[in-house]
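Work through the exercises below with the model open beside you, and try each task before you read its solution.

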Amino acid sequence: MHGSPRYDHDWIVIGSGFGGSVSALRLAEKGYDVHVLECGRRFKDEDFAEIMYKQPQRYYWWPFLKMKGIFRMTFFKDVVVLSGCGVGGGSLGYANTLYRARDKFFQDRQWAEIEDWKTSLAPHYDTAEFMLGVNQVPIDQPADALFRDLATDFKVADSYTKTNVGVYFGNPENKGETVADPYFGGTGPERTSCKHCGSCMMGCRHGAKNTLVKNYLWFAEKMGVKISPLRTVVDIRAIPSENGMLDGSGGYEVETVRSGAWFFKNRRVQRARGVVVSAGALGTNKLLVNCKLGGSLPRLSDRLGELVRTNSEAILAATAEDDSVDYSTSVAISSSFYPDEHTHIENVTYGHGGDAMGISFTLLTGNGTKLTRPLKFLGEVIRNPVAFTKRLNTYHWARRTVILLVMQTLDNSIKFRPKRNGWGSGWHLTTEEDTVNPNPRFIPAANKAAEMVAKRINGIAQSSVFEVLRNTPMTAHILGGAVIGAGPETGVVDNFNRAFGYKNLLIADGSAMPANPGVNPSLTITAITEHAMTAVPDKPGAKIPEPLVGKTATEVQVP
């Protein structure tokens, strides 16, 4: 299939994460010619870093320094954002965790009156769970026993659960066994069972992790979808229609450059009838604000950049003084519990190769301001010089440490605000605090949990260095900024992720999520995108290909 002579493709999808991968496959199934543009590189399983500090170029995304890995950190005044990069997007380095959102998410005032979202998304959650191979962690390791006891200490033992993950575990007696596709009736790739190394977030080197390249993108490419890695989209321009309209009815021009290039950017322009923007919440907001203010897509809603969510997160840790117990022998996140109705706490590990992450944490410090919290930290160092000195030791840090990922369903947010680049070309994003419902910089239940874990393992409780030194929280799940709304006065896209003011322009990634889900959002992004794709009609006159997946969720038992 090819686009008409006027177009290079029917659809261009920007980004290959959860939203982009779903879009690529479902559009191809509807008979369209699809091209995916991805700013990151393509990885084979063996390409991922084994030891973080020895192979930083394989792990960190700093392309201007020739480091083109899967993990990037972006620093703002109000939050530090951890995000993913590469063909497969965030699935390459995420923690495999695939929970459905809690009821409060569907009832959020931003979108509750548009649809009965829990009912509408239910079948799409089913599809997403099937495609991503969701099952519950079957093994029990020291960190799980610790969290089970912690839930009891909080008097919420019934809330403890093993995590729903996208990992192939196979036969527990044969860890590391390679088998024919166990998920899609033999039409998917070979898989290797989990070795319980805990290195999921560094990129699974064994083939056990159900990344998007092993499901959605696998089938998309089999159906003819083209994926171009290391191409960064810098502009989307509406093409005038036959009657001169610039509303997308004439299609779009998409301009890209070589990712990370200082010079010789190799600019390219491609034309498509429609565009799906799925560059992740950060990438999508940055791209769209440049398109809006630069005059390429001026009709985008003025709500762009509003209701940016951090999932109300905090990331803490507790490190034992010795490594007699290894807390990293599992998957990245293996269990969780709810200390209260709004708060969700998960145990996290980076595996033995993740010792370098230890530099991100320091002595646990209480609440304060940008002025008083560093002073409180200094007081902790003076009172506990031995503990502070021990905390500087990152030897075997990963196996000695339980990381706590804390998330909440509370209605709080920040805002993205554009700021002109110093060299006068384009805009970058800054943040602004929401004065009505500000994003939390300190979560009492999080600190309490870290202290309780540290006491149980005879260790040291820790805060993120960014919280301590800048009073700035970290989040691995930045969301919103181009959210679903009833109209352009309240949102950027409608209930099927179609941008207000334009035709055939969809925004399908975490930026469209209107509320904090209080759990890892990947499954919900997938389900919302599946829902959005149902509103795209089959290509007129095209012979619709048979779906390659070949089985339905009820016909295949996910291992």
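The model is a predicted one, in which local features need pLDDT of at least 70 and side-chain atom pairs count only at pLDDT 80 or more, while totals for chains, interfaces and linings use all residues. Residues are numbered from 1 along each chain as its sequence is written, and side-chain values use heavy atoms, with hydrogens and water left out.

**Exercise 1. Cavities**

Task: Find how many cavities of 30 Å³ or more the structure holds, and describe the lining of the largest cavity and of the second largest cavity.

Solution. Begin with the term: on a 1 Å grid over the protein atoms alone, a cavity is a set of points where a 1.4 Å probe fits but cannot get out, and lining residues have an atom within 4 Å of a point. Grid points are joined across faces, edges and corners, and a volume is the space filled by probe spheres set on the points.

By this rule, three cavities of 30 Å³ or more are present. The volume of the largest cavity is about 80 Å³. Its lining has 14 residues, and those closest to the centre of the cavity are Cys194, Cys197, Cys200, Cys204 and Ala208.

Next, sort the lining by residue type, where Ala, Val, Leu, Ile, Met, Phe, Trp, Tyr, Cys and Pro count as nonpolar, Asp, Glu, Lys and Arg as charged, and the others, Gly among them, as polar. The largest cavity then has six nonpolar, six polar and two charged lining residues.

The second largest cavity holds about 60 Å³ of space. Its lining includes Ala143, Tyr327, Asn347, Val348, Thr401 and Val402. Two or more lining residues come from each of strand S19 (343-348) and strand S21 (401-408); helices (H or I, at least four residues) and strands (E, at least two) are DSSP runs, numbered from the N terminus. Sorted by type, this lining has six nonpolar, five polar and no charged residues.

**Exercise 2. Single residues**

Task: Decide whether Arg6, Thr409, Asn96 and Asn266 are buried, partly exposed or exposed, and describe where each one lies.

Solution. The cut-offs come before the residues: buried means under 20% relative accessible area, exposed over 50%, and partly exposed in between (1.4 Å probe, protein chains only).

Arg6 lies in the segment before strand S1 (9-14), and its relative accessibility of 35% makes it partly exposed. Leaving aside neighbours within four places in sequence, Arg6 is in contact (heavy atoms within 4.5 Å) with Ile239, Pro240, Gly250 and Arg271. A polar atom of the Arg6 side chain lies 3.0 Å from the backbone oxygen of Pro240.

Thr409, in the loop between S21 and strand S22 (414-420), is buried, with a relative accessible area of 7%.

Most residues other than glycine have a negative phi. Asn96, however, has a positive phi near 65 degrees; Asn96 is in the loop between S6 and helix H3 (103-106) and is buried at 0% relative accessibility. Asn266 has a positive phi near 55 degrees, lies in the loop between S14 and S15, and is partly exposed at 38% relative accessibility.

Note on methods. 1 Å grid on protein atoms, 1.4 Å probe; cavity = no way out; pocket = protein on both sides within 12 Å on 5 of 7 lines; lining within 4 Å. Polar contact = N/O pair within 3.5 Å; in protein donor to acceptor, adjacent residues only side chain to side chain.
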